[in-house]
Amino acid sequence: MNARVFRDAYGVPHLRAGDPLALVYLQGTNAAADRAWQLELERRRFLGTSAAFLGAEAAGWDVFARQARLADTAQRCFEALDEQTRDWITAYVEGVNLALPGGAARAPEFAQTGLTLQEWEPWAPLGIWLAVHVLFAGFPSKLWRTHVARTLGDDKIDLFTSEGPRTAGSNGWMIPGSLSSSGQAIVAGDPHRYIESPGVYQQIRLSCPEYDVLGLAVPGIPGVAHFGHTGEVAWAITNAMADYQDLYAEQLRPAGPGLEALGPDGWKPARVHTEVVEVAAADPIEVEVIETERGPVIVNDSTRTISIRYPPRVTGRLGFEVIPKLLQATTVADIDAAVGDWVEPVNVILAADTAGGLLHRTAGLVPRRHGDNMLRVVPAWEADHQWDGWHDPMPRETVDGPAVMANARELAASLGVEFAAPHRSRRIRELVSSQSSWSVAEMPSIHQDTYLGSAASVLDLLAGLEELSPEAVALRTELLGWDRRMDATSSTASSYAAIRKALVSRLADHFGVLEDAQVPEVFVPWMDVLTHVSYAVENLLTTDLIPDVNVSWLAREALEEVAARKRRPPWGETHQLAPLHALRGPVFAPGEEPFDLGLSGDHHCVMSTSSLPGLTDVCVRGSAARYAWDLADRSASRWVVPLGASGVLGDPHHHDQLPLWLRGELAPIVTEWDRLEREDRSFTHEIEGFGTVAIVEADPSRDLDLIHGWVTGDRASFWGMGELSRDEIAATYEFLDSVPTHHVYVVRLDGVPVGLLHTYDPQADPVGAAYEIRAGDIGAHLLVAPGDPRPGFTGNLLRAIGRFVFVHLGHPRLVAEPDTRNERAVDRLYRSGFTIGPEVKITLPDGTTKTAQLGFLTAERFLS
């Protein structure tokens, strides 16, 4: 099977290779080509080195990443994996290392920040996963609850319960075959996250003889972890809202050159060392990294010291061995068995297969411990707060009808303390139960639903108000007759949002004593009073914990304020999407025609598009993707992401799916290979006075006669193929065509074949063992076809090949290693500007060795 990248009309990559290692390598090269900035940014975040190019605003995160030991934990988890999984992840990283320089050359953010590339560590994907998910379970909320209890009293610790996630959330539903028009199950939903540019999910297809999977990948992570369809089984997840990370108040004391920490068994040594966070345009920050028996210290100031204990740090496991097993799954039993080894984050999983199997369960690692651990910072020296094993078995449910997962307090109730409000879950159940013959084409009717169940708490309060102005009465009458749909075209929805905003602002004024909580910079968003009031407004309107607050009076003031203003514009005029970008980059490239980014929906709608109700209507959180997996016909499945397949501003596929996403619609999935466009690496370069040089990918069957004649001729004596038969030559080039690390091209001059070019990734070639590889290195062999000598002929071909390698493919350095006996080739290295390296012994695949002359040519030197 050829190793190739194909694209659909939206630029979505469909990858095909001859085996899983070749395929995952190809996935790495593709991710680097499409999402170079995103990949390198996320890698620098887990290393805690992002402030070196982003500046002071990233320093708080970098300090936390160092203190929390994210990089060290990732390395530990990688080394604990079985050899097969490590090899699989390493192949992905090798693909990234080869293609990242070319991808970076296309991404404007590298030039804007001056960011230079580094070689990826084999465990980089695990570090990226940790950095993306370490705040997923919301442990900073324990800092907030501790602050509330200390300031207002222990009885107020749950005052701001929102039953609504701030860090993550998702919808998911599974319709069994008995309720579908096809007789087979449908799995659909949408993960809710901050809408980032580039997006956190990448649509992808991974195909090899062992499996063929469609899904949503996380750039920087091999395989498909959370949402996939193998043809025979499909699965999806939501955040279980489990609590599995604890914060401990620590007591430290000097002990010789180090420190000791007080635990249940007395004073024990704590590990301590110093690291430095570099900050662009500012002084570096020295970070004291401390780790006690509980875990790394993440808060350490004059008033308190707090450590974090989280499962990957404790166990040395993340669960990455699960991902390749998911790719090979054919039944829900396979999914069930695989996710039993999952660690972080803790998820709820829905799965269905073509044999009628259905699955609804939780997966991950949740410690058993004292209930207070799940609420607040607890004392490290008290034995009651130690972990006591793991929740096992994890909660599951027998599916006998539609199944819904929306972060609510249902299946995973025993695993956490705060879940999503039930509005989305209830609404999805209501919609799914409204008919008995669903099709995938009808799934957008659920994705798009804008009914706001949480509006009842505010509207009921308004209904009971008295002594209102005529304007307020009129507005209230309009609101009480409203269908409670947060549609972009609705001015009533906009008026409701304005009243809610005014009410939240007034409620927040009563909790000024909670302002200015002293926490490290990275946790400041979790300590914002207005945000907590915004998400907890339903509870605050009904609780008896704040008897001194007259919520009716505040509601009257909010209603009168909005009624006295000019009529509000439709909701979509202020509820605009604002994707987050590390450099605050735009959605539209210069010269592009922008379009309206107005949105329907709201936080508690099924079409969940979240703003901060007390602060702004601008949307920063929503569906990071939408999907609908059809078990009857995978090609009938649908998906969409907020922006597009490419992370490069100005690329045609940077945001071509955005209009669909804004409307809640889905894009088609094309599965027939002959309807996809093969990615073409071919290149054409015109040289004045010489002609047009075309470098075209070879076809082993089409070009076999040409190749056989050249590689067995006298000119190719140093290629070692002169004694091979035609069939052996065919087998050799069919193999090269099947691997993503080696490529073969026919070089043509004005349409006439004049040479054969081999390129290869030194990481996957014997030459790689003979020198220190740099990220992005590419090796090459050139065979000039027999013919009459022409002055400057080879030199001009090399000029074109240099443009191909350095400009078209974007590699920073070309490696050559001709046999030392090939004096003409070695002389060509000198004359072409190569830096001459040592002579080395290279062991060839057939076991023989050759003595080679290494030479290196950089893009900078070639292009200067």
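Predicted model: local features only at pLDDT ≥ 70, side-chain atom pairs only at ≥ 80, totals over all residues.
## A strand with both sides covered

Residues are numbered from 1 along each chain as its sequence is written, and side-chain values use heavy atoms, with hydrogens and water left out.

Strand β22 covers residues 626-630; strands here are DSSP runs of E with at least two residues, and helices are runs of H or I with at least four, both numbered from the N terminus. Strand β4 (residues 186-194) runs antiparallel to β22, joined to it by 4 bridges. Strands count as paired if DSSP finds at least two bridges between them. β22 also pairs with β23 (residues 638-640), again antiparallel, over 3 bridges, and there A628 has R638 as its bridge partner.

How many of the residues of β22 are buried? It's 5 of 5, where buried means under 20% relative accessible area, exposed means over 50%, and partly exposed is in between (1.4 Å probe, protein chains only). One face holds R626, A628 and D630, while Y627 and W629 are on the other.

## The nonpolar cores

In soluble globular proteins, nonpolar side chains tend to be buried together. A nonpolar core is a set of buried Ala, Val, Leu, Ile, Met, Phe, Trp, Tyr and Cys residues joined through side-chain atoms within 4.5 Å. The largest one here has 208 residues, and F64, F160, I335 and L507 touch the most other members. Helix α1 (residues 20-47) gives this core its largest share, 13 residues.

Take a look at I335: leaving aside residues up to four places away in sequence, it touches V233, W235, L326, A329, I349, A351 and L359. Contact means heavy atoms within 4.5 Å. Another core lies apart, with 27 residues that include I695, L749, L757 and I778.

## An open sheet of 8 strands

Next up is an open sheet with mixed pairing, in the order β26-β27-β28-β29-β30-β31-β33-β32. β26 (683-687) and β32 (835-843) are at the edges with a single partner strand each, so one side of each has no neighbour in the sheet. From one strand to the next, the twist averages 30°.

Inside this sheet, β27 (residues 691-697) and β28 (residues 742-749) pair antiparallel over 5 bridges, with V693 opposite L749 of β28. Helix α25 (residues 823-831) packs on the sheet, touching β31 (813-816), β32 and β33 (849-858). The direction of α25 makes about 20° with that of β33; axes are lines fitted to C-alpha atoms, for helices over the stretch in contact, and angles run from 0 to 180 degrees between N-to-C directions.
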